[in-house]
Every structure is written in structure tokens, then in C-alpha cells.
Amino acid sequence: MTLSALRFAPTTSPFSPLRSSSLHGAPLRFTTSLATRPRRHLCATSIWSLQELHLDEKEAEALFLQHPELELAPPESLRSRVLALQSVGIDDLSLRRIVARRPEILLAPELGPFLEFARDELKGLKPAKLERLLTTTHPKFLTGIAARVTRLMEHGVPGEKLGHLLNHVHIRKVFCERPLKDLEEIILFLKRFSWPDLVVRRPMILNLDLHDQLIPRVEFLAELGGGDEAAAAALIAKLPALLSYTVEHFKSHLEFWRSVGLSDEELFKIALVYPNIFSVSKERKLGPRVEFLRQCGMDAEDIFRFLVKAPLYVSLSFKDNLSKKLTFLVKIGYKHRTRELAWAVGATTRTSCENMQRVLGLFFSHGLSCDDVLGMSKKHPQVLQYNHASLEKKMEFLIGYMERDVGEILVFPAFLGYKLDDRIKKRYEIKREVRGKGMSLNKLLSVSTDRFY
């Protein structure tokens, strides 16, 4: 018989399952006093059943002495329960640990339906997570898990995501201790915020208390957005992890940005662009980054505009990223502590140092000077963050196929920002038949689609 063919039947033992006084009932401990007790004649088949758990005869006997109901349980019932545990991914070593701490799992009738539910519905649930649950929770408290997890499915959580979800929540807290009506209230509340995607992306949200944690945090974000709950919902949908931050955490960040000179509304607008603004350390990153912008002559209004365009700036490592880019920018001619340098840094936040170095190398290989690159980047700041391989193809098309001089990109560097196949090639082939090869790059590419055709 294969494991998949096994059916989980309740134990036929006439004894009640072992009970503990609380949800975290005292686990089994093999005490040394057992050695002083007189040995009894034990059922050989029962000992053999427990030896399937890799307990030796002495350990099995010690277990029977502390829990005599195990000795009287039908061996087939014990064997069936062991196989049921193995069918949900519990290996021999884990099984031994579980039984040593909670021998009642071998008899508890409540455990059978739970194991069947876990096997059939909780695909992807990690055995280590299941082991922790079984060793910290009495079997009688596992009976409500199926109903609560089923409620999630009834509210739209995909069945194939349940294992992932349970791997990242406090199962005992959310699905054992929390009343079903409280879980229902949380679900209905979270449905206002891109449910069920919200909890699939951030399952730990289900660990939070509705009234003490979730509602105050949502209300704070809505107030920050001028009372617009829809805007707060959009922000939360972008980064569900925001709900993990306390109101005190949000307030400390708000006070920091107020000290910089930003309004609450401006901070909220930055957060809509880059929700991780609330996760950046004020001491290690925000303070030094803002100070650099101030040294470059930026005021609060400039800083707001800068962060809306280049919010990644506050998160990047200075040592491994920003300092190297600053070196490149100064080498091509940008002056220290100038607004132009600050804006140039912002324009390079979405590219790697390696790509930026290759872009500069590509320009230099085509005979452009540092002054040429500086001029281009001032006209079209994004030019330094474009993918170097894409730029190379565009320049080859410009020089080789269109037979134009490389100097034309100094006049119209935005040429390098258009898509080669969908815009440059397509429009060039259409207009070449009418105007020949000498058409203006600006007029060729910058006019709208309606005007062009």
C-alpha cells in the first residue's frame, strides 16, 4: 500500500487523548527517575510500532511508562498515525522530535482530520513549519484550522497559495487562537485594499490585530494623504509591508521630513512614487542624503521635486553606488556642490555603476570628449542611465545606416532615448522616401504620432 492510498482514520483506542492544561501543554520529558522504576512486560507489537519512530527499546519503554495509554492502543492505529504524519512531509527525525515532546499526537482523534486537510489543501506548507505547529499546540486546538483556512478560500485566496500563506504567518495565533468572527472582520476590512493580492504578497498582515494595529495604521496613512482613503489604499497596494510599520514609526519619519521643510502632502506624494521611503533609516541614510542636497544648494521645494523624480537616491549605498557615480560625474566636468551635480546624480539612480561606466566608454570610443558628454547630459540627463547595449545599436544605426555624423546626438541627445525598432527605424524608412537622408532628427522623432502620420 502506498502512502497516497492511506486514509486517515480516527484511532480506535478507548482512551481519551492526552490533555494538557493549556494551549501550550507541557511537552514530554524522559526523566531519569524512570530508570529506578521496575520494568514491566510490555506488548512486543506496541514496542515494535514505536521503534518505527527510531526509538530504541528503552526509549519506547520509557514513553509507555509515562503514557500507558499508548501501550493499550492498537498497533495498527499507531502505525496509521505515523504514516499520516509522514504523508504531510514529516521525516523520521522530525517525527521523533514531535513524539518526544507531544506523544498525544499518536492517539488524538482530532489530529486525523487536520492531517488530511493539510495533505489535500495545504500544498507547499513547509514540514518545518508544520513541526513547530505540532510541537507547540495541543491537537484539540488544531480542529479549527480547516474552517478558518477554508474561510480564506471562500473570500478569494487561491488554494494554491495557501501553503505559501501559512508558511509566513503565526499559524497558532491566526488560525487556532483567533475566533472565526475576528478573522472574518479582518478579511472584510482588508478587502478595501486589493484583497486577496494584499495577503498573498504579505501574509504576515494576518498576524496583526484589527483594532490596535491595522485600523490605526490605515487611518494615519489616510490622514497623511489629506483624508483620502482611496489614495491610502493605492499606497498600501503598492507596498503591503507598510502595514507592518507602527504609527509611531510613521510619525517619526513624518517629523523628519517636516524638519526638512516638506509638507505632509508632499511626503505622501513621494510615498506614492516610492513607498519604501518609510523603510529607509533616518540616521544612516535620510539625514546624510538630504544634507548632500542642501550642500548642493537645494531648498525644500527642490528636494521635493528631486525625490519625486529620483526617490531611489535615499536608499542607495553611498560607498558601493553613489560615491562611484559622483566620481564619474566630476570627471566629465560637473562641479562639486552644485545643483547641476545633484540633478545629475538623481538622473543616474536607476542604472548600475558598471552600466554607467560602459556608457561613458561607448561615447569616448566614438570620439566624444568629456565636454561633449557633459553637454549631452545637461540637455538630456537620462542619457547616462540608458542601457549601454541599446545605445550601441542606436549609434551604429545612426552612423552606419543613416550615414549621419555622431555629432548630431550632441544637438539632439534625446535621439538615444527612443526605441530603435518601433520609432527610429520605422519613421526613418517612411520619411526617407519623401525627404531623403538629411532630415532633422528632432522633427523625425519628437512630433506626435497623429502629426507624423
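Q: Which helix gives the most to the lining of the largest pocket?
A: That is α20, which contributes five residues to the lining. Please keep in mind throughout that this is a predicted model.

Q: Which other helices supply at least two residues of that lining?
A: Besides α20 (339-347), the helices α18 (300-309) and α22 (370-379) each supply at least two residues of the lining of the largest pocket.

Q: What volume does the largest pocket have, and how many residues line it?
A: The volume comes to about 310 Å³, and the lining is made up of 16 residues. Those that lie nearest the centre of the pocket are Lys309, Trp343, Ala344, Ala347 and Pro381.

Q: How do the lining residues divide into nonpolar, polar and charged?
A: Seven residues of the lining are nonpolar, five are polar and four are charged.

Q: Let me step back to the whole fold: how many helices and strands does the protein have?
A: The protein has 27 helices and zero strands. Of its 453 residues, 48% are buried, and of the contacts with a separation of 6 or more, 75% are between residues 24 or more positions apart.

Q: Which residues of α6 are buried?
A: Helix α6 covers residues 111-121, and its buried residues are Leu111, Gly112, Phe114, Leu115, Phe117, Ala118 and Arg119.

Q: And what covers them?
A: The cover over the buried residues of α6 includes α4 (75-87), α7 (127-136) and α8 (145-154).

Q: Staying with α8, is Arg148 buried or exposed?
A: Arg148, which lies in helix α8, counts as buried because its relative accessible area is 13%, under the 20% cut-off.

Q: What does Arg148 touch, once residues up to four places away in sequence are not counted?
A: Arg148 touches Val174, Phe175, Cys176, Arg178, Pro179, Leu180 and Leu183. As for Pro179, it is 31 residues from Arg148 along the chain, and the two C-alpha atoms are separated by 9.0 Å.

Q: Which backbone oxygen lies 3.0 Å from a polar atom of the side chain of Arg148?
A: It is the backbone oxygen of Gly144 that lies at that distance, 3.0 Å, from a polar atom of the Arg148 side chain.

Q: How many disulfides does the structure hold?
A: The structure holds zero disulfides. On accessibility, Cys176 counts as buried because its relative accessibility is 12%, and Cys296 counts as buried because its relative accessibility is 2%.

Q: Back towards α20: where does Thr348 lie?
A: Thr348 lies in the loop between α20 and α21 (353-365).

Q: Why does Thr348 count as buried?
A: Thr348 counts as buried because its relative accessibility is 0%. Apart from neighbours within four places in sequence, Thr348 is in contact with Lys325, Met356, Leu384 and Gln385.

Q: Changing topic to backbone geometry, is the peptide bond from Trp195 to Pro196 cis or trans?
A: The peptide bond from Trp195 to Pro196 is cis, with omega near 0°, and Pro196 lies in the loop between α11 (180-190) and α12 (197-201). As background, most peptide bonds are trans.

Q: What about phi at Ser194?
A: Ser194 has a positive phi of about 50° although it is not a glycine, and Ser194 also sits in the loop between α11 and α12. In general, most residues other than glycine have a negative phi.

Q: How does Ser194 count in terms of relative accessibility?
A: Ser194 counts as partly exposed because its relative accessibility is 32%.

Q: And Arg337, what is its phi, and is it buried or exposed?
A: Arg337 is not a glycine, yet it has a positive phi of about 55°. Arg337 lies in the loop between α19 (318-331) and α20, and it is exposed because its relative accessible area is 59%, over the 50% cut-off.

Note on methods
Residues are numbered from 1 along each chain as its sequence is written. This is a predicted model: local features need pLDDT of at least 70, side-chain atom pairs count only at pLDDT 80 or more; totals for chains, interfaces and linings use all residues. Side-chain values use heavy atoms; hydrogens and water are left out. Buried means under 20% relative accessible area, exposed over 50%, partly exposed in between (1.4 Å probe, protein chains only). Helices (H or I, at least four residues) and strands (E, at least two) are DSSP runs, numbered from the N terminus. Contact means heavy atoms within 4.5 Å. On a 1 Å grid over the protein atoms alone, a cavity is a set of points where a 1.4 Å probe fits but cannot get out, and a pocket is an open set with protein on both sides within 12 Å along at least five of seven lines; lining residues have an atom within 4 Å of a point. Grid points are joined across faces, edges and corners, and a volume is the space filled by probe spheres set on the points. Ala, Val, Leu, Ile, Met, Phe, Trp, Tyr, Cys and Pro count as nonpolar, Asp, Glu, Lys and Arg as charged, and the others, Gly among them, as polar. A polar contact is a pair of N or O atoms within 3.5 Å; within protein, one must be able to donate a hydrogen and the other to accept it, and residues adjacent in sequence count only if both atoms are side-chain atoms. A disulfide is a pair of cysteine sulfur atoms within 2.5 Å.
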